[in-house]
There are 2 protein chains.
Amino acid sequence: MKLDYRNLPGRNSMQIIEYIRKHNGAWSSPYPFVMSKEGSGCFFKDIDNNPYLDFGSQIASNPLGYNHKDVINVVKNYAGRSPIKYAGQDFMVKEHADLLEELIQICPKGLDAAFIVNSGAEAVENAIKICMRRRPATRYCVSFESAFHGRTLGALSLTNSKTVQKKNYLAIPVKRLPFDENAPEKLLRLINDEGGSDNIGSVIIEPVQGEGGYNVADSKMMAGIRKVTKEHGIPFISDEVQAGMGRTGKWWAIENFNVRPDVISAAKALQVGATISNKKFFPEPGAISSTWGGGQIIDMAIGMQIIRTIKKDKLLMNIQLQGNYMNKRMLEIESISNVRGLGLMRAFDVSSTRLRDNLVIECLKNGLIVLGCGKSGIRMIPPYIVSSHEIDLAVDIIKKALVKCSHKKFKHKGSICRFVNCAEASI
Amino acid sequence: MKLDYRNLPGRNSMQIIEYIRKHNGAWSSPYPFVMSKEGSGCFFKDIDNNPYLDFGSQIASNPLGYNHKDVINVVKNYAGRSPIKYAGQDFMVKEHADLLEELIQICPKGLDAAFIVNSGAEAVENAIKICMRRRPATRYCVSFESAFHGRTLGALSLTNSKTVQKKNYLAIPVKRLPFDENAPEKLLRLINDEGGSDNIGSVIIEPVQGEGGYNVADSKMMAGIRKVTKEHGIPFISDEVQAGMGRTGKWWAIENFNVRPDVISAAKALQVGATISNKKFFPEPGAISSTWGGGQIIDMAIGMQIIRTIKKDKLLMNIQLQGNYMNKRMLEIESISNVRGLGLMRAFDVSSTRLRDNLVIECLKNGLIVLGCGKSGIRMIPPYIVSSHEIDLAVDIIKKALVKCSHKKFKHKGSICRFVNCAEASI
């Protein structure tokens with residue numbers, strides 16, 4: 001597939017984009033094209049026939065790439081069925097049992113039950129809810145600096161990413177720990193200074209911070225936090241909405257740290273949200289529910305197939321292999337810093353926000369999708385099926401783009417400047 | 001279709017149900033069967049070949065009934081596409097524009113933009129968020145007694161239904177108004193006693209309370225609340241997650257009251273969640289978002305088709321006609337009280353919780369699905385395509401079941417007692 005410089009957005013895309021810009025209440029800074037249904041492996045085309053090498057994987061929601069035959073076959077199975085949305089806590093379908101079975105098989109020992117919901121945010125909301133229900137003295141929850149746990153008000157209270165995400169919104173009480181080796185000591189101080197451990201509903205952590213910029217948790221911190229929470233009987237939640245489901249080369253990111261959580265929140269690659277724990281940890285009937293809890297039949301069937309395909313095609317091994325290769329190739333790139341990540345969840349920093357923003361656009365113009373993160377970071381999360389050849393392609397584009405964008409007088413022009421985060425807007 | 005007494009759950013269902021019981025963290029009181037893909041109109045079959053006349057419509061999520069040809073055709077269109085879940089605020093597909101266009105066309109004048117999300121709860125969360133963002137002095141939100149707005153912590157704080165839904169959970173500050181004609185006066189008192197109107201983020205109301213038991217708002221109250229909120233510049237949200245999208249015979253329940261809200265929250269019949277308002281009412285980029293915001297391609301396409309089919313087949317008229325007929329037939333039933341509702345959203349009360357619980361089970365054993373609500377209420381929400389003949393069938397079953405369950409010594413037996421809300425458990 002030839003990756004050419006091109007004008008973005010194309011003419012076909014532009015018309016649809018203009019409509020969405022006017023009528024989407026949440027319009028922010030999307031990528032400058034409209035996706036078509038055409039695609040294969042790590043590549044897809046927009047409706048103007050431009051191909052893209054996708055190192056963004058629909059923000060980790062597309063682990064098997066485009067038009068994977070296993071997934072296509074699942075969707076085909078449902079061609080003659082309606083409704084596919086149903087009230088999953090009041091009525092039952094076989095897919096609910098099948099997905100639970102596949103999911104529990106890959107979960108850490110003891111985590112043998114799950115509540116299927118509609119999104120990562122809902123998975124987090126239910127994770128903190130089931131912990132609070134056990135703890136009548138709860139006065140606050142604990143999360144970490146730079147954490148992102150979702151946008152509903154409970155999950156958002158735990159989030160500590162960008163000001164624009166929280167301004168003026170009412171919140172539930174949350175206290176923060178630093179995302180470094182001082183965290184266990186700070187947690188102990190909280191317990192001492194704030195009236196004891198019973199006041200803490202739960203401690204929630206992303207083993208690899210997603211929106212925060214793929215910061216990998218310090219192993220000592222993780223062990224220390226688990227030790228303190230265990231000793232004080234505080235429920236410990238691993239938020240794996242982005243990093244779970246194989247993304248780090250193990251089924252769950254927390255498994256890289258030899259630590260066992262009380263609750264896992266999952267979503268994205270799973271196609272549905274899930275709050276996972278031991279059946280006995282879940283509260284009495286009625287304490288948690290949702291009309292669409294487990295309620296999209298095709299999503300559940302695809303989620304189940306994704307787990308099966310990861311097993312069948314030994315994709316965890318590919319994630320480890322290609323993740324290491326990606327790391328090696330990134331370390332060769334001059335003028336980038338803080339190369340980090342686990343598995344196929346990798347990031348690096350450049351010298352300024354402006355350079356980062358230009359870099360995202362320049363990669364895009366050469367057919368590569370990467371994502372910005374943090375102040376001056378780039379993150380890359382290709383599908384689990386990515387090959388070394390595709391990593392080489394991506395690294396080559398990044399290298400050339402870096403050289404080009406590093407020129408003092410470099411400046412983007414054209415309609416693309418109205419999309420993504422235009423570097424010119426950040427000067 | 002013959003509706004016979006039967007033993008529930010059937011053998012095929014039982015095996016799957018037992019698995020779900022053990023591994024669904026939210027297991028509560030589901031209906032005692034597993035649905036198959038077979039069905040037509042208002043009827044579906046379980047996997048033991050038992051047919052049901054469905055007056056529950058998957059809790060209002062299934063407005064066109066089972067295997068409607070228009071919906072089937074949409075699902076068929078996507079048989080060759082993957083992924084169908086995508087990151088809808090960062091990337092764009094044509095379906096997003098198409099759904100927005102169909103949705104805005106049926107919205108009250110001035111509501112010309114929407115943020116598509118994953119559930120009704122998320123639609124409510126975003127509704128109160130966009131209001132708070134405009135109001136930096138917000139100290140609390142206002143909702144009504146018996147309200148149900150969802151289960152995420154923000155939406156749940158607004159909810160005032162059952163204790164089990166909220167026990168021990170941290171909440172954002174919310175004050176309540178009575179759901180009667182005293183509400184406007186009480187709201188004025190709140191404004192005076194609690195430091196002025198600027199402290200109120202928004203007032204949210206269900207024009208017909210869903211889980212609360214299909215209580216229809218008093219017209220004077222509705223006009224009064226809108227008057228007070230307008231005069232004091234307080235945003236007014238109509239939560240139409242259950243009652244919107246045609247369910248009451250008008251596109252939006254609030255239209256039955258000649259009142260215009262600032263924001264509408266929708267979901268269920270729409271197949272996705274939506275926070276609807278004027279484009280200028282929505283906040284700056286980044287203030288609201290979601291990875292799966294607008295992010296399930298088939299759900300969006302079906303939601304759009306549902307709107308088109310309601311128009312094409314003049315279903316709003318059928319909803320009004322059959323709703324009135326249902327009301328008339330219900331008024332003939334002796335020994336029930338408080339017959340209420342709008343359109344195809346109808347409820348009545350019986351003399352005790354025990355009788356109600358027995359009635360739900362007895363109807364079920366005769367192939368009719370109805371839903372419990374409130375202390376001793378039954379609610380019925382058949383698909384929009386329901387006929388007078390089907391209403392007659394349902395009323396006949398209810399009448400017979402009422403007679404049978406009203407016998408002093410009536411008692412259910414068998415495995416069905418482990419499902420729904422078994423009456424014997426409430427003695």
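## The interface between chain B and chain A

In this predicted model, 106 residues of chain B are in contact with 106 residues of chain A. The area buried between chain B and chain A comes to about 9400 Å², and carbon and sulfur atoms give 60% of that area. On the side of chain B, the residues that lose the most area to chain A are Phe91(B), Met92(B) and Leu170(B), which together make up 9% of what that side buries.

## Polar and charged pairs across the interface

Between chain B and chain A, 48 residue pairs are found in polar contact, with both residues of each pair at pLDDT 80 or more. The side of chain B that touches chain A is made up of 55 nonpolar, 28 polar and 23 charged residues.

Side chains of opposite charge can pair when their charged atoms come close. The count of salt bridges between chain B and chain A is 2, and one of them joins the side chains of Asp299(B) and Lys85(A), with an N to O distance of 2.9 Å. Over all chains, the count of salt bridges comes to 37. The pair of Asp299(B) and Lys85(A) crosses between chains: Asp299(B) belongs to helix H9 (residues 297-312) of chain B, whereas Lys85(A) sits in the loop between H3 and H4 of chain A.

## The seven-stranded sheet of chain A

Chain A contains an open sheet of 7 strands, in the order E4-E10-E9-E8-E7-E5-E6, and the pairing within this sheet is mixed. Its edge strands are E4 (113-117) and E6 (174-177) of chain A, each of which pairs on one side only. From one strand to the next, the twist averages 20°.

At the E6 end of this order, strand E5 (residues 140-144) of chain A pairs with E6(A) in the parallel sense over 4 bridges, and within this pairing Cys141(A) stands opposite Val174(A) of E6(A). Helix H5 (residues 120-133) of chain A packs on the sheet, where H5 touches E4, E5, strand E7 (200-205), strand E8 (236-239), strand E9 (263-266) and strand E10 (273-277) of chain A. The direction of H5 makes about 30° with that of E10(A).

## The four-stranded sheet of chain A

A further open sheet in chain A has 4 strands in the order E11-E12-E15-E14, and here the pairing is antiparallel. Strand E11 (337-342) and strand E14 (371-373) of chain A stand at the edges with a single partner strand each, so one side of each is left without a neighbour in the sheet. In this sheet the twist from one strand to the next averages 25°.

The pairing of E14(A) with strand E15 (residues 377-380) of chain A is antiparallel and runs over 3 bridges; in E15(A), Gly377(A) is the bridge partner of Cys373(A). Helix H10 (residues 315-331) of chain A lies across E11, strand E12 (345-349) and E15 of chain A, and H10 runs at about 10° to E12(A).

## A hairpin in chain B

In chain B, strand E11 (residues 337-342) pairs with strand E12 (residues 345-349) in the antiparallel sense over 4 bridges, and Ser337(B) stands opposite Asp349(B) in E12(B). E11(B) and E12(B) form a hairpin with 2 residues between them, and Gly343(B), which lies in the turn, has a positive phi of about 55°.

## Cis peptide bonds and a positive phi angle

A cis peptide bond joins Ser82(A) and Pro83(A), with omega of about 0°, and Pro83(A) is found in the loop between helix H3 (69-77) and helix H4 (94-105) of chain A. In chain B, the bond between Ser82(B) and Pro83(B) is a cis peptide bond with omega of about -5°, and Pro83(B) is placed in the loop between helix H3 (69-77) and helix H4 (94-105) of chain B.

Lys268(B) has a positive phi of about 35°, although this residue is not a glycine. Along chain B, Lys268(B) lies in the loop between strand E9 (263-266) and strand E10 (273-277).

Technical notes: Residues are numbered from 1 along each chain as its sequence is written. Chains are lettered from A and ligands numbered from 1 in the order in which they are written. This is a predicted model: local features need pLDDT of at least 70, side-chain atom pairs count only at pLDDT 80 or more; totals for chains, interfaces and linings use all residues. Side-chain values use heavy atoms; hydrogens and water are left out. Contact means heavy atoms within 4.5 Å. Buried area is the accessible area (1.4 Å probe) that two parts lose on being put together, summed over both. A salt bridge is a side-chain nitrogen of Lys or Arg within 4 Å of a carboxyl oxygen of Asp or Glu. A polar contact is a pair of N or O atoms within 3.5 Å; within protein, one must be able to donate a hydrogen and the other to accept it, and residues adjacent in sequence count only if both atoms are side-chain atoms. Ala, Val, Leu, Ile, Met, Phe, Trp, Tyr, Cys and Pro count as nonpolar, Asp, Glu, Lys and Arg as charged, and the others, Gly among them, as polar. Two strands pair if DSSP finds at least two bridges between them. Axes are lines fitted to C-alpha atoms, for helices over the stretch in contact, and angles run from 0 to 180 degrees between N-to-C directions.
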